[in-house]
Amino acid sequence: MSKQYFGAIELGGTKTNVLIADDQNNPLAKKVFPTLSPTETVTDIARFIKTTVASEGIELKSIGVGSFGPLDLHPDSKTYGFITTTPKLGWEFFDIKGKIESALDVHVEIDTDVNAAALGEYSFKAMQTIQNLVYITIGTGIGAGFIVNGELLHGLVHPEFGHIRLPHDQRVDPFPGICPYHRDCFEGLASGPALAERWRMPADEIPQEHVAWDLEGEYIAYALSDLICTVSPEKIILGGGVMHRYYLYDIIRAKTIQIMNNYIRSKYLEESVGDYIISPRWKNESGLMGALCLAYQSSRPD
Ligand code: ZN
């Protein structure tokens, strides 16, 4: 059988990654654009894909998109595939799925950036023995994608794990939080911009020995213990810019075990915690690889 080709787009708040690959994960062409206005961004994506497809003499079977949100992911909705109430100027209620489909005349499968990242990580061979996984990004914002019983979780809208409430001891941390909706939710306390505002310096300039990281690790560990007690994931993957501080992983692992306090008995909450709370195997490419998986999935017969 001849090879098939697919497109993958990771649409972020500041940059957009585009990849064209064959059905065996082999990349053919790749490009990064700054995310500008919706029309400019769709034009950039379409131009790159059209040029590549023409010069390689191929045809795309489908395109997968992992996008910032919130997104409307209800297939029955009139605004299915739209970015909805985003504060990002010009992008409110933009039909991202429809515009890419009409620009390129090919089917587009869309999901949230974090669901795509979860799917990308789940595609690893090492994950074939599990059915439940959570990918959390901790960066400019905080969000999570869930694989439950082998499938992406959508539910009412889609999970907004960045906005759960955490214990916040005002005597230890008087910082009020920065979420415009909830102030001291998880994202309001622990995102990159929250770190910067609390400590009055850019998050990537806070030194390793600063007390910031212990507190950061504690908030993340509280969030993980909520997660472990609700969906019981078999793997927790932590990505995003804040997690480039590799030493945070050990702080988070130790504090999660401490908070769980031996209530749930599993080797993964004891000596094997290093195999449980992990960094992304695709490094910064989980979302893009997941978008490619979305494209593969959509072209498979049911
Ligand atoms: Zn919030």
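Asp214, Glu218 and Lys255 are linked in a network of salt bridges, a salt bridge being a side-chain nitrogen of Lys or Arg within 4 Å of a carboxyl oxygen of Asp or Glu. The structure holds eleven salt bridges. This is a predicted model, in which local features need pLDDT of at least 70 and side-chain atom pairs count only at pLDDT 80 or more, while totals for chains, interfaces and linings use all residues. Residues are numbered from 1 along each chain as its sequence is written, and side-chain values use heavy atoms, with hydrogens and water left out.

**Salt bridges**

- Lys3 and Asp22 meet through their side chains in a salt bridge of 3.2 Å, N to O. The pair links distant parts of the chain, 19 residues apart, with Lys3 in the segment before strand E1 (5–11) and Asp22 in strand E2 (residues 15–22). Helices (H or I, at least four residues) and strands (E, at least two) are DSSP runs, numbered from the N terminus.
- Lys3 is partly exposed at 47% relative accessible area, whereas Asp22 is buried at 1%. Buried means under 20% relative accessible area, exposed over 50%, and partly exposed in between (1.4 Å probe, protein chains only).
- Asp250 pairs with Arg253 in a salt bridge, with the closest N and O atoms 3.0 Å apart. Both residues lie in helix H7 (residues 248–260), three residues apart, about one turn of the helix. Asp250 is exposed at 53%, and Arg253 is buried at 14%.
- Arg171 and Asp169 form a salt bridge with closest N and O atoms 3.1 Å apart. Arg171 is exposed at 76%, and Asp169 is partly exposed at 33%.

**Zinc site**

- His163 (ND1), Cys179 (SG), His182 (ND1) and Cys185 (SG) coordinate the zinc ion at 2.1 to 2.4 Å. Donors are N, O and S atoms within 2.8 Å of the metal (3.2 Å for Na, K and Ca); water is not among the atoms, so sites may look incomplete.
- In sequence, the donor residues of the zinc ion follow the spacing H-x15-C-x2-H-x2-C. His163 and Cys185 both lie in the loop between strand E8 (151–152) and helix H4 (186–190), so the pair ties together parts that are 22 residues apart in sequence.
- His163 is partly exposed at 23% relative accessible area, while Cys185 is buried at 0%.

**Arg198**

- Arg198 lies in helix H5 (residues 192–199) and is buried, with a relative accessible area of 12%.
- The side chains of Arg198 and Asp173 make a polar contact at 2.9 Å. A polar contact is a pair of N or O atoms within 3.5 Å; within protein, one must be able to donate a hydrogen and the other to accept it, and residues adjacent in sequence count only if both atoms are side-chain atoms.
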